[in-house]
Amino acid sequence: MSLDMVATTELCFSYNGAEVLDKVTFHVRQGDYLGIVGPNGSGKSTLVKTLLGLNRPAHGTITLFGTPQEQFCDWQKIGYLPQRLKFFNPNFPATVEELVRLGLLAGKSFPKHRAKGDDAAVDETLEVMGITDIRKRLIGELSGGQQQRALLARAIVGRPELLIMDEPTTALDPETRERFYELLQLLNRERNTTVILVTHDTWSIGKYASRFLYIDKRVVFDGTFDQFCHSEEMTGFFGEHAQHIICHRH
Amino acid sequence: MTITEILSYGFIQRALVAGSLIAVLCAVLGVFLVLRRLSLIGDGLAHVTFGSVAIALFLRINPAIVTLAAIPLVLLSSFGILKLTDKARIYGDAAIGIVSSLGIACGVLLASVAGGFNIDLFSYLFGNILAIGTGDLVLALVLFTVVLLAVFFYYYDLVAITFDEELARTSGIRTRTINTVLVLLTALTVVLAMKLVGIMLISALLILPAVTALQVAVSFRATIMVAAMLAVGSVVVGIFGSFILNLPTGASIVVVNFIVFMLVFSGNKLRQAH
């Protein structure tokens, strides 16, 4: 039986008295490609931030790689790509290469300086992401798609076992989005990287994800996309027309 | 008067050495502070330094060690800013404002009560290179080493939290510790800079070289190097200029920094236009 990379039990989170997550219980196994879908304000981003320790849950437990989240310190095992950076400064003077190198910090102890093998890891990641040619350019000068690739490169340069992404394709054009998903699939299949992807894009979930989690403050559905599309319970929940739209857009 | 003759004065030598050390520190920390939109923390801590110096003078502490005596209170105040931001749910600029005005208020009250040290306090407000003694030079050298070593050891952590604090936390970086380190280093630098440019002008030394270097940035590391070189250049030109033209040194350094900024900014705009 494969290891639970992430497991939550009855996770609750409130913000200013309003309940955002209500007894969310789910788990993610090694090699899973989990798509998390839900309407606006359903708690998807809050769930991801709570998993990563950026929010403190009101109730419930989270374990990461079998360790209670508050004791977890193997952050090099997790790569994170946020929906958008909280205070992204377009004048930030780092080059793509400098930004990607920051992704190697998690595995280092004090003092965190350049180690043997870092350059090779950065070179390889830039190559995989197809951004070697822009490695010396400042990130503020890049297009949305290039910035997102650079941020994904930062997330994967340390070869994390688990990759968590929060609506990473929002700023991308359809062609770049397709390439982005293909790249994720490559990481999932060839490196056995476990993927948790929060998205509005049910089409991508249907095409790429091995599991589908629909949340609306609580877990509404947890299974494969195919199971979702043939679930009478979901037909009752969404109505036949809405379920048809979700399942047959691709 | 030739440059060799000017350099023969002991106080000029001390001002140049101490000024260059302080300029490098201000420029390096300034890049992080400006990018984190914390530029005014230098101003706030400078005002606290004013209060701390007033307390030291009020307690009749030997003027030669006033700078040293001010350090604990300024460090304590920098913790105060962090705690207010963290625990009291007060925005950073508001926390700086509170601590800063409290520092000024304490200084003014003590100056008023004591009456006798107003002239000394004036030299701390606007800088006085004649007041830079050998002790200050040693202190500058020690703090320069401490601050630069800290930046060297925490460099990548500082870059990471400057880029995005949440992302840094998910890389296992103790962002609270790094923020504390940054604010403490800034506090030490501010205390050190007060005799050179004065309490009222310290923030310019933290902000101007950094924003000038950001105009021509090609990488993070290069931005820090350029800021440090511009800062040292401005301090040297400012000290010589003020001596030759008989002008206040602190103000001259700030004006030179501003002229450099305007030149780089204009040059950058012209380059972009072509």
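How many residue pairs are in polar contact across the interface of chain A and chain B? The rule finds 6, both residues of each pair at pLDDT 80 or more. A polar contact is a pair of N or O atoms within 3.5 Å; within protein, one must be able to donate a hydrogen and the other to accept it, and residues adjacent in sequence count only if both atoms are side-chain atoms.

This is a predicted model, in which local features need pLDDT of at least 70, side-chain atom pairs count only at pLDDT 80 or more, and totals for chains, interfaces and linings use all residues. Residues are numbered from 1 along each chain as its sequence is written, chains are lettered from A and ligands numbered from 1 in the order in which they are written, and side-chain values use heavy atoms, with hydrogens and water left out.

**View 1. The interface of chain A and chain B.**
In chain A, 33 residues are in contact with 27 residues of chain B. Contact means heavy atoms within 4.5 Å. The two chains bury about 2700 Å² between them, 64% of it on carbon and sulfur atoms. Buried area is the accessible area (1.4 Å probe) that two parts lose on being put together, summed over both.

**View 2. The salt bridge between the chains.**
The rule finds 1 salt bridge across this interface. Glu166(B) and Lys49(A) meet through their side chains in a salt bridge (3.3 Å, N to O). The term covers a side-chain nitrogen of Lys or Arg within 4 Å of a carboxyl oxygen of Asp or Glu. Helix 2 (96-102) and helix 4 (144-156) of chain A each supply at least two residues of the side that touches chain B. Helix 2 of chain A gives the most to that side, with 4 residues. Helices (H or I, at least four residues) and strands (E, at least two) are DSSP runs, numbered from the N terminus.

**View 3. The open sheet of 6 strands in chain A.**
The strand order is 6-7-8-3-9-10, with mixed pairing. Strands pair if DSSP finds at least two bridges between them. Strand 6 (78-81) and strand 10 (218-223) of chain A stand at the edges, each with a single partner strand, so one side of each is left without a neighbour in the sheet. The twist averages 15 degrees from one strand to the next. Axes are lines fitted to C-alpha atoms, for helices over the stretch in contact, and angles run from 0 to 180 degrees between N-to-C directions. Strand 9 (residues 211-216) and strand 10 of chain A pair in the antiparallel sense over 5 bridges. Phe212(A) stands opposite Gly223(A) in strand 10 of chain A.

**View 4. Thr46(A) in helix 1 of chain A.**
Thr46(A) has its place in helix 1 of chain A. Thr46(A) is buried, with a relative accessible area of 18%. Buried means under 20% relative accessible area, exposed over 50%, partly exposed in between (1.4 Å probe, protein chains only). Not counting residues up to four places away in sequence, Thr46(A) touches Phe13(A), Val20(A), Leu21(A) and Asn55(A).

**View 5. His47(B) in helix 3 of chain B.**
Helix 3 (residues 41-58) of chain B holds His47(B). His47(B) is buried, at a relative accessible area of 15%. Leaving aside neighbours within four places in sequence, His47(B) is in contact with Ser100(B), Gly103(B), Ile104(B) and Ile199(B).
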